Amino acid sequence: MTLRICHILPVLLLCATHAAASLPRDPAEQARIFAACMGRYAAAMEHAWLLGDADGATPEARRELFEMMLDAILPDARDAGFEGIDVWRYRSGAKQAQS
């Protein structure tokens with residue numbers, strides 16, 4: 001059974017709206033979460049692209065949204081000890097795990 005990105009994303013967004021209140025207050029932890037989400041979403045996009053299920057520019061816009069959230073919290077996360085290499089580590093680790 002193949003799940004398409006267009007089926008998974010609404011569920012993720014619904015969960016995110018309910019989980020927003022439970023998002024960690026620590027900026028470094030928020031950055032870890034956003035970086036991991038970007039990695040997982042990138043893996044899902046690649047999977048959809050390989051299967052020919054890509055929806056055009058929409059997945060790119062969604063990925064950019066994750067990137068904007070990470071960029072917004074990154075200055076505070078750096079002040080809390082989260083380095084740039086950590087972004088890469090969490091993104092690539094989550095992408096590899098999702099793949």
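This is a predicted model: local features need pLDDT of at least 70, side-chain atom pairs count only at pLDDT 80 or more; totals for chains, interfaces and linings use all residues.
Residues are numbered from 1 along each chain as its sequence is written. Local features need pLDDT of at least 70 and side-chain atom pairs count only at pLDDT 80 or more, while totals for chains, interfaces and linings use all residues, and side-chain values use heavy atoms, with hydrogens and water left out.

Helices here are DSSP runs (H or I, at least four residues), numbered from the N terminus. Let's start with α4, residues 84-98. Its 15 residues should span 21 Å at 1.5 Å a residue, and the end C-alpha atoms sit 22 Å apart, which agrees; the expected span is 1.5 Å times one less than the number of residues.

Asp86, Val87 and Ala94 of α4 are buried, meaning under 20% relative accessible area, with exposed over 50% and partly exposed in between (1.4 Å probe, protein chains only). Looking down the axis, the buried residues of α4 fall within an arc of 105 degrees, so they line one face of the helix. That arc is taken from the directions from the helix axis to the C-beta atoms.

| Face of α4 | Residues |
|---|---|
| Buried side | Asp86, Val87, Ala94 |
| Turned away, exposed | Ile85, Trp88, Gln96 |

Tyrosine 41 belongs to α2 and phenylalanine 66 to α3 (residues 58-79), so the pair ties together parts 25 residues apart in sequence.

Isoleucine 33 is in α2 (residues 27-51) and, at 28% relative accessibility, counts as partly exposed. Isoleucine 33 and tyrosine 90 are 57 residues apart in sequence but 8.3 Å apart in space, C-alpha to C-alpha.

Key. Helices (H or I, at least four residues) and strands (E, at least two) are DSSP runs, numbered from the N terminus.
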